[in-house]
Amino acid sequence: MEKRVLGRTGASVGVVGFGAWQIGADWSEVSEADATAALEAAAGAGVGFYDTADVYGDGRSERIVGAFRKAHPGVFVATKMGRRAEQLHGNYSEANFLAWNDDSRSRLDMTPLDLVQLHCPPTSVYGDDAVFDVLDSMVADGRIAHYGVSVETCEEALAAIARPGVASVQIILNPFRQKPLERVLPAAADAGVGIIARVPLASGLLSGKYTAQTEFAPDDHRNYNRQGDAFDVGETFAGVDFATGLEAVERLRPLVPDGMTMAQFALRWILDQPAVTVVIPGARNAAQAQANAAAADFSPLDADLHAEVRKIYDDLIRPQVHHRW
């Protein structure tokens, strides 16, 4: 698999990683056996980057990833912290950071942690020098090797990139969320900051498998968070109205080259952005993990295909999402 340098970490990672939200919670039930099989299949396909968070399944995802890492000590593990408390600026404190870090290191069974990311903090946090001073001290104390930020908006990403200690920025990027191409990706490239592309399949919309009749389980965020009732609505279907997303998918479908699935087409579109370090699709089972990794095997899409994807975005998606994030 092609490898790229993850920003200021200096680590070289495969361009397709593994997003471990699905094996924690909020995507209906995924058994521990299926979760482990998905992780093992990803490793077998050359995936070396695994992204999790302390709140995914109240630590379940970290625990499963930690057990997996024991058998694969060379993999790079990124986690996140900050969502265990009410989303108030004051909760991004040294005491909370140290407690959350202790718990993550215990569940993942590793010290230092390869990369710890602030988990979509309140916007005001990005301007608080004291928060980043604490993160710097955690690096100096050997608790974490590097830190980054997972963001909701492009403005937050730009603020994070301007911080000299920020190694990477995790942001939603897919054919339905193209705004980061304008300023965020160029700024990251200029600053040497890694870009981790999350929600790459728009919560499965870009798999091409859903219809207007598709129903999601009650414990699936694609059921309960469509209006942003639980967390930022941009995390569910990338903030796109489900019906509009289905329409856009049907316009994308004829563009997919022979031998490639629509999901692989969407992942390849992301990998064609040179400032992206790694894309982190989730997987519920081994087959999905293998198919995701295979996206890296395809050649870049040609300019005409990229232009067609942009036109569909401009026609259907831009009016809903471009101004919001």
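Accessible areas were computed by the Shrake-Rupley method with a 1.4 Å probe, and for residues only the protein chains shown count as cover. On this basis the protein chain exposes about 12400 Å², of which carbon and sulfur atoms supply 49%. The structure is a predicted model, in which local features need pLDDT of at least 70 and side-chain atom pairs count only at pLDDT 80 or more, while totals for chains, interfaces and linings use all residues. Residues are numbered from 1 along each chain as its sequence is written, and side-chain values use heavy atoms, with hydrogens and water left out.

The protein chain holds 11 helices and 10 strands, where helices (H or I, at least four residues) and strands (E, at least two) are DSSP runs numbered from the N terminus. The radius of gyration of the protein chain is 18 Å, close to the 20 Å that the globule rule gives for 325 residues, so the chain is as compact as a globular protein of that length; the radius is taken over C-alpha atoms, and the rule is 2.2 Å times the number of residues to the power 0.38. Along its principal axes the C-alpha trace spans about 55 × 40 × 40 Å. Of the 325 residues, 56% count as buried, a term that means under 20% relative accessible area, with exposed set at over 50% and partly exposed in between (1.4 Å probe, protein chains only).

On a 1 Å grid over the protein atoms alone, a cavity is a set of points where a 1.4 Å probe fits but cannot get out, whereas a pocket is an open set with protein on both sides within 12 Å along at least five of seven lines; lining residues have an atom within 4 Å of a point. Grid points are joined across faces, edges and corners, and a volume is the space filled by probe spheres set on the points. The whole structure contains 2 cavities of 30 Å³ or more.

The largest cavity has a volume of about 60 Å³ and is lined by 13 residues, of which C154, R177, K179, P180 and W325 lie nearest its centre. The elements that give two or more residues to this lining are β8 (166–172) and α11 (303–321). The lining divides into 7 nonpolar, 3 polar and 3 charged residues, with Ala, Val, Leu, Ile, Met, Phe, Trp, Tyr, Cys and Pro counted as nonpolar, Asp, Glu, Lys and Arg as charged, and the others, Gly among them, as polar.

Among the lining residues are P281 and N292, and N292 is found in α10 (residues 286–294). N292 is buried, with a relative accessible area of 8%, and, not counting residues up to four places away in sequence, touches V16, L267, P281, G282 and A283. The C-alpha atoms of N292 and P281, 11 residues apart along the chain, are separated by 6.9 Å.

The second largest pocket holds about 160 Å³ of space, and R226, F237, D241 and R324 are among the residues that line it.

Notes
Contact = heavy atoms within 4.5 Å.
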